[in-house]
Amino acid sequence: MLPTPHNWPDTDVVIYDGQCSFCTKQVTKLHRWDGKNRLSFISLHDDFVAEHYPDLSHDEMMQAMYLVDQKGRRHRGAAALRVISRRLPRLWPLAILLHIPLTLPLWQWGYRQVARRRYRLSCDNGSCELHFNNNRQRSDSNSGT
C-alpha cells in the first residue's frame with residue numbers, strides 16, 4: 001500500500017496514473033527506495049487531486065507524472081524525476097545524469113516517449129484496449145479524419 005498525502009501530509013506528492021500498471025510499478029519502486037518517507041503518492045484519478053491541485057488538468061496529468069513539493073511548486077515529467085533523484089539516495093547516480101547542464105529538453109523528450117507508450121509497456125490490467133482506443137480517437141480527431 002502506497003502512502004498518500006492523507007497519511008503523510010508533510011511530504012512531496014507524486015501524482016501518477018493509477019490506472020496504468022507500468023506507472024504503479026514505478027511509483028511502488030520509488031516508495032520502496034524512500035527510506036525516510038519523503039514522498040507520498042496519489043493517483044491522478046483520485047478526487048483529492050482535483051480538490052487540492054485544480055490548476056493541473058486531467059489531460060496534463062495523463063501526459064506526465066507530477067511532483068508537488070512541500071513549497072507547492074509543480075514539477076512535470078523529467079523535471080519531477082530530477083527532483084525525486086535528489087531525494088532518494090538510491091537514485092543519486094541518475095541525478096548526476098539528469099543534472100548535466102542543458103540536457104533537460106532531451107530528458108523531457110525521452111520521458112514523453114516512454115509516457116506515450118506506458119500502457120503498451122505493461123498491458124496486463126484489461127484497461128489497455130480502452131486507452132489504445134482513446135488515443136486512436138484523439139489522433140483521428142486531431143488529424144481531421
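The model is predicted, so local features need pLDDT of at least 70 and side-chain atom pairs count only at pLDDT 80 or more, while totals for chains, interfaces and linings use all residues. Residues are numbered from 1 along each chain as its sequence is written, and side-chain values use heavy atoms, with hydrogens and water left out. The chain has eight helices and four strands; helices (H or I, at least four residues) and strands (E, at least two) are DSSP runs, numbered from the N terminus.

**Overall layout**

- Read along the sequence, the elements follow the pattern β-α-β-α-α-β-β-α-α-α-α-α.
- The chain has 145 residues, and 41% of them count as buried; buried means under 20% relative accessible area, exposed means over 50%, and partly exposed is in between (1.4 Å probe, protein chains only).
- Among contacts between residues at least 6 apart in sequence, 60% join residues at least 24 apart; a contact means heavy atoms within 4.5 Å.

**The sheet**

- The four strands form an open sheet in the order β2-β1-β3-β4, with mixed pairing; two strands pair if DSSP finds at least two bridges between them.
- β2 and β4 (74-76) stand at the edges with a single partner strand each, so one side of each has no neighbour in the sheet.
- On average, neighbouring strands of this sheet are turned by 25 degrees against each other, direction ignored. Axes here are lines fitted to C-alpha atoms, for helices over the stretch in contact, and angles run from 0 to 180 degrees between N-to-C directions.
- Strand β1 (residues 12-16) pairs with strand β2 (residues 39-43) in the parallel sense, over five bridges.

**How the two strands are covered**

- In a regular strand the side chains alternate between the two faces of the sheet.
- In β1, Asp-12, Val-14 and Tyr-16 point one way and Val-13 and Ile-15 the other way, and all are buried.
- β1 is mostly covered, with five of its five residues buried.
- β2 is also mostly covered, with five of its five residues buried.
- Both faces of β2 are covered, with Leu-39, Phe-41 and Ser-43 on one side and Ser-40 and Ile-42 on the other.

**Helix α4 and its neighbours**

- Two packed helices are described by the angle between their axes and the distance between the axes.
- Helix α4 (residues 78-87) packs against helix α6 (residues 104-116) at an angle of about 110 degrees, with the axes 8 Å apart.
- That makes α4 roughly perpendicular to α6; angles of 65 to 115 degrees count as roughly perpendicular, under 35 as roughly parallel, over 145 as roughly antiparallel and the rest as oblique.
- From α4, the contact is made by Ala-78, Ala-79, Leu-81 and Arg-82, and from α6 by Leu-104, Trp-107, Gln-108 and Tyr-111.
- These residues divide into six nonpolar, one polar and one charged. Ala, Val, Leu, Ile, Met, Phe, Trp, Tyr, Cys and Pro count as nonpolar, Asp, Glu, Lys and Arg as charged, and the others, Gly among them, as polar.
- α4 also lies across β1, β2, β3 and β4, running at about 110 degrees to β4.

**Residues in loops**

- Ala-64 sits in the loop between α3 (58-63) and β3 (66-68), and it is buried, with a relative accessible area of 5%.
- Not counting residues up to four places away in sequence, Ala-64 touches Arg-76, Gly-77 and Tyr-111.
- Ala-64 and Arg-76 are twelve residues apart in sequence and 6.3 Å apart in space, C-alpha to C-alpha.
- Asn-37, in the loop between α1 (21-33) and β2, has a phi near 55 degrees, a positive value in a residue other than glycine.
- Asn-37 counts as partly exposed, at 39% relative accessibility.
- Leu-102, in the loop between α5 (92-98) and α6, has a positive phi of about 70 degrees although it is not a glycine.
- Leu-102 counts as exposed, at 85% relative accessibility.

**Cysteines**

- Zero disulfides turn up in a search of the whole structure; a disulfide is a pair of cysteine sulfur atoms within 2.5 Å.
- Cys-20 is buried at 1% relative accessibility, and Cys-23 is buried with a relative accessible area of 15%.
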